[in-house]
Each structure stands twice: as structure tokens, then as C-alpha cells.
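Dear colleague,

Please find the sequence and structure below. My notes on the structure follow, and I would be grateful if you would read them alongside the coordinates.

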Amino acid sequence: MSRLLFWFGWAMICGAVPAAAVPALEAYGHLPSVDEIEISPDGSKLAFFVGDEHDRQVQVRSTADMKLLHGARAGDTKLRALLWAGENHLLIATSTTAWVYNLSGNKREYLQVVDYDLGKNRSRQMLDGVVTGVTRLLNTAAALPVIRMIDGKPVAFTEGISFPDQRGVLTMMRTDLDTGHSRQVALGAVVTRGWVVDRAGQLVARVDYDDKPGEWTLSTGRDGHLTRSMREIDPIDAPSVRGFGRDANTILVSVPGEEIERYREVALGADHASEPVAILDDGEPIHDARTGVLIGIRRESGPGINYTFFAPEDAHLWAQVTRAFPNAVVELASWSDDHRKIILKVEGGRFGAAFFLLDTATHHASLIADEYREISVDDILERKLIAYPAADGLSIPAYLTLPPARAGAKLPLIVLAHGGPGARDEAGFDWWSQALASRGYAVLQPEFRGSTGFGEHFHTAGFGEWGRKMQTDLSDGVKFLGAAGTIDPARVCIAGGSYGGYAALAGVTLQSGIYACAISLAGPSDLRPMLATAQAVNGGPGRVLRFWQRFMGAQSRNDPALDLISPAKQAAKVTVPILLIHGIDDTVVEFAQSKIMAAALTRAGRSTEVVQLKGEDHWPSRSETRMAMLKATADFLAVNLPAGTP
């Protein structure tokens, strides 16, 4: 489909699209046809992921004519992110699930970074084979590298892991990308959680967190002389450093405990933080790629995304951009250093789910590619943000997606719960809910209490409500839509992934008579073993364990009260079909949790179906297994909750 946008004139020319059948289920299961588009610093090139998982490629194309300049096959590697380092180096982040001998008793997801040198047409894995001091560096990164141009040359600062005294600690490495030479810049302590690097490549801040007492410390300064600027004691909600503030002499810190997320700035070398900066409230920081300085804030607002930029020229530009895409969710994907060429991800309205390139010099925007090539603009169903009252009166936001043909009938409903639970569903295209709605189901995605993005009061309302009010918030949505006549309350299934998978299991064990079936993707089922695993993986009863216990309302990982909200312990109460889907390589919620649930159902004389996703992680990350998940779901629903008959 051809789409051309002259955005200063607000005129859209769209190619006509003939009516077509509903896309095959596989169209939603495929990984995006094009993803992670990043524009080079001078705006002359684009880099992105393209193709299916078996022929996944990293491509570099000219912004002038989309001519292919470079290409690298990735096979079935899990591609995670792209990062330009100057004009001739493209950093490609991948991840792999692995067990490392003598390092951990469990599999973990490890991040690795490859430097693709476009000028020499060769690639090199960063931190591979590097020896620092008396210890070898693990060939993985703890976070994406930070790029700085020093004396006109690209330098990557990467937090790796080394093992002095046989204990893994963060180690800041500096890599000259032109030569490939790496050297150690700083060796952290066991409690070190990261650093901030300025434009000249100097470390100007370090963050430490001692897990046992929950002591968080920020040290700042110049020329390597760092002194303590902030200290907080919080066993769960420690502050978070978000890079530089509005100039390179301040560090931006998010301090929890306010009604909304608030930010403070800490001057380098100071012994205190500023008062909260109101203009930054409840937003996601946007930093300049060259200087690292804060230049704006991104906010989710209702069904869309809003941006606030501090520079008048950026604010004026963004106002024009959003007017050019009416009734759509417009997201800044990437822009050149001078902000004259911009990559936008646009979802909804007349635009489908697609990437556009805007050239502010020519006042022209052109389609780069649809995000999913097999799903047309007309196939994407409207996803409305609604709200309904919980039993105690709390207003619950939710996304509602209706199937293409309602015909006045009361619809079958899928309640699709998000993970976390301290997370939220985001605005824009959602492949799972779109797939279900395309098969004839209404899909409700409740932002139950405990979700983030709706204020601190809403988030903290979920503490202690795991399996309790967080659960009834979901079923209150069923009552609301039933009373409105939108859905048939007798034809409702509950589904979800991660915590949402738990909610699906809880919906048919802790509750009864509401759901006709349940579908759990990677859902916890027995909370005591889950917490025991969390403690073992994290080396003791620390912050992670305390986080879970707070939501669960548990005093310890052995609290007997956990059995009352563990679906596996309540399996005898199940009266409806359950589908369990789980990735074998899941390192967040181990596959054992689904095995425990299946065994509990068998002992209780209840039948269940278990779908094992081979080679799959928690998210899921592969087309083959995403499609297997959707097919298993569709087959299960066709038997237990067919959409075609009341």
C-alpha cells in the first residue's frame, strides 16, 4: 500500500485498499516485519531489523532512496536493540538464554553486543576475550553501551562483569570502536549498580545499592573524585538514576514515594538533591544522543503518547508532527542529531501500524514500512480506553477491543491480564489482543490496581492484593460489560502472560462461576516455590524477594497464607478447562511452575493441556513459538468458547 504524507500541508494521500478477508492467525504471531528503526547521527542512513526469525537480518539503507547499503544475516539470534556509534559503527544487541558453568545454578538471559563496522564490513563481539587485571571479563553486557564521540572518534562505555575475589562485580569498560581496543575505566564493588559517563568520557556519578539493608547511595563529582550526594534507606523502592538532568552538571534522579513519579536534579559534587522538578512529573526522560543531556519528557496519556520538549524549536516541530497524524498514536522512534530527519512509529487512525521518515527540510513524510506486512490498515481494530468501577469504587482503566463484525449480538469475551504486576498495557498496536479480536472475541485488558502509570496511589493500592482485589478488579470488568449488554457473561475466558498467567489460573481457582475457561502463558502457580527460586537466584532474601512479598501480602517466603492464593494449592476447585503454555527457557517464571499446576490438576482429577514452547523465553521472542501459542489458544477456544455460536 502506498502512503505519502505532506505533513506541513496536513494532506494525506493513501492508496486504495480492497476489502480483504481477516488475516490468518499467523500474521499476528510473526515477529514484526520491520522493527527497531534507528537513524544515523547525520540522518543519511537507517538501520533496522527485517524478516522472519529464520532469515532475520540487520539492514542499513540510505534515507535518500532506501537503497540497501549493508546487510547482515542474524539467523535465529534474538535481536534486541540497535545503536549507532558515529556514522560507521552499528552496535547490535542480542540476548541468549544460557547456563554458565560455575556462575549460576539457573539459566539466565544474557545480553551481548556486536560492533558492526560498516567501513570495514566486519563484525566483532564486544568484551569477548578481554582480560582486565587478573580476571577475565564475561563476554556479556549488564546494559546497553553508552556512546560518546571523543576527539571525533566513537567510544563505547559498557558495563561488563568481572570476577575479582571470585565474586561478580560491575566493571566499566571503554572501547575504541575504530581499533577494537578495550580497557578498564572503573571496577565496582559488590554493591555497585552503575555509572554515568559525561561527554568527555569521564565518570561523574556512581550508584550503589546494598541489598541486605536496602541502602542506596549516589556519589557524584568531577575528574574521578566522587563524593556522596544522596543516601536513602528503602528495602524495596530505591531511587533510580536516569542519566543527566537538564544540563551536564546535574544528575537526574527519580525518587519513589510521591503520588506520581517525580524527579529531582543533583548537582555534581553537591550533598543534596533539588526540589522536585514539576515539568518532569510522571514522564519518561528523553536525552540528547550527543550530550546525554535531558531535552524532553515522554508521557502515556489515556489512549495516546504525549511529548514535552524544552527547546522551543523541538516543541514547535513536534506540535506539527502530531497534527499531521490525527487520531493516531505517534511515537518518536529515532531522530538525527540535528533533529531534521525523524523516524516515527505511527499506530491507529488511517495509518495502521507503520514507520514513517520525516524530512523537516522538504516538509515531506514518507512510509518506510508497515510493522506487520500481512496486516493491512483496515485489519487493525480500534482499541478504546474505557473505565469501570471496582467493587470498592476504585476506577479501573481498561483497553477494549471489539471484533470487526458485531451484528448486535452479545459477544464472547476474553479478559487479557497484563504481566508485572507493576506494569501496564501500552497504547498502540497489541498483537495478542488484535489476534483474539480478529477471531470474533471482545478483548478486555484491565489496568488493575497495582498497575503503573496511573499514579502512586493507584500503584500502592495493589500492595497486599495479589489474588485478592487485583483479581476482582478483572471480574468487575466482566460485570460492567455484561450490564452494558456488550458481552455475554456466560461466555467469558480469562487469559494472560506472566502475572497475567497467574491471574488466569486464579480466576478459575480462587474465583468460581465467572470464567468458562482459562489460558495461562508462563503463569506462576505455587507461590512458595516461586519465592524460594527468587531467593536462590538473587543470592538471598533481598530486594526482589521483598518486592514480591509486598504485593502478595506475605511475611516471608514460607508464609502459609501464600497457599491460599496459590492456584496449584487450590486445584481441586477447578471446574472448567485450563490451557497451560510455557517456554522451556523461561528464566523469569520457570517452566516448573506450569508443571506444578499440571500435576496438581492431575492429582485433583482435573484435565488440562500443556503446550511446551521449545527454545522460548519469557516474553515470547520467536515467531515460531508465538504462532504455536496463538494456534494452541485458538484451538482451545474453538472447543471451549467458540466465537461463532451463542
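Does Cys517 count as buried or exposed? At 0% relative accessibility, Cys517 counts as buried, where buried means under 20% relative accessible area, exposed over 50% and partly exposed in between, with a 1.4 Å probe and protein chains only.

Some conventions first. This is a predicted model, in which local features need pLDDT of at least 70 and side-chain atom pairs count only at pLDDT 80 or more, while totals for chains, interfaces and linings use all residues. Residues are numbered from 1 along each chain as its sequence is written, and side-chain values use heavy atoms, with hydrogens and water left out. Helices (H or I, at least four residues) and strands (E, at least two) are DSSP runs, numbered from the N terminus.

The disulfide

Cys517 is joined to Cys493 by a disulfide, with an S to S distance of 2.4 Å; a disulfide is a pair of cysteine sulfur atoms within 2.5 Å. By this rule the count comes to 1 disulfide. Cys493 belongs to strand E35 (residues 487-497) and Cys517 to strand E36 (residues 517-521), so the pair ties together parts that are 24 residues apart in sequence. The torsion about the S-S bond is about -135°, so the disulfide is left-handed. Cys493 also counts as buried, at 0% relative accessibility.

Helix packing

Helix H5 (residues 469-483) packs against helix H6 (residues 499-507) at an angle of about 75°, with their axes 10 Å apart. Axes are lines fitted to C-alpha atoms, for helices over the stretch in contact, and angles run from 0 to 180 degrees between N-to-C directions. H5 and H6 are therefore roughly perpendicular to each other; angles under 35 degrees count as roughly parallel, over 145 as roughly antiparallel, 65 to 115 as roughly perpendicular and the rest as oblique. On the H5 side, Met470, Gln471 and Leu474 meet Tyr499, Tyr502, Ala503, Ala506 and Gly507 of H6, contact meaning heavy atoms within 4.5 Å. The residues of this contact divide into 6 nonpolar, 2 polar and no charged. Here Ala, Val, Leu, Ile, Met, Phe, Trp, Tyr, Cys and Pro count as nonpolar, Asp, Glu, Lys and Arg as charged, and the others, Gly among them, as polar.

Helix H3 (residues 431-438) and helix H11 (residues 623-640) cross at roughly 35°, and their axes come within 11 Å. In H3, Trp431, Trp432, Ala435 and Leu436 meet Arg626, Met629, Leu630, Thr633 and Leu637 in H11. By class, this contact has 7 nonpolar, 1 polar and 1 charged residues.

Loops and backbone

The peptide bond from Gly420 to Pro421 is cis, with omega near 5°, and Pro421 is found in the loop between strand E33 (411-417) and H3. A cis peptide bond also joins Trp619 and Pro620, where omega is about -20°; Pro620 has its place in the loop between strand E38 (609-613) and H11.

Asn121 is not a glycine, yet has a positive phi of about 50°. Asn121 is in the loop between strand E9 (108-117) and strand E10 (122-125) and is exposed, with a relative accessible area of 54%.

Ala571, in the loop between helix H9 (561-564) and strand E37 (578-583), counts as buried at 3% relative accessibility. Leaving aside neighbours within four places in sequence, Ala571 is in contact with Ala600, Leu601, Ala604 and Arg606.

With kind regards
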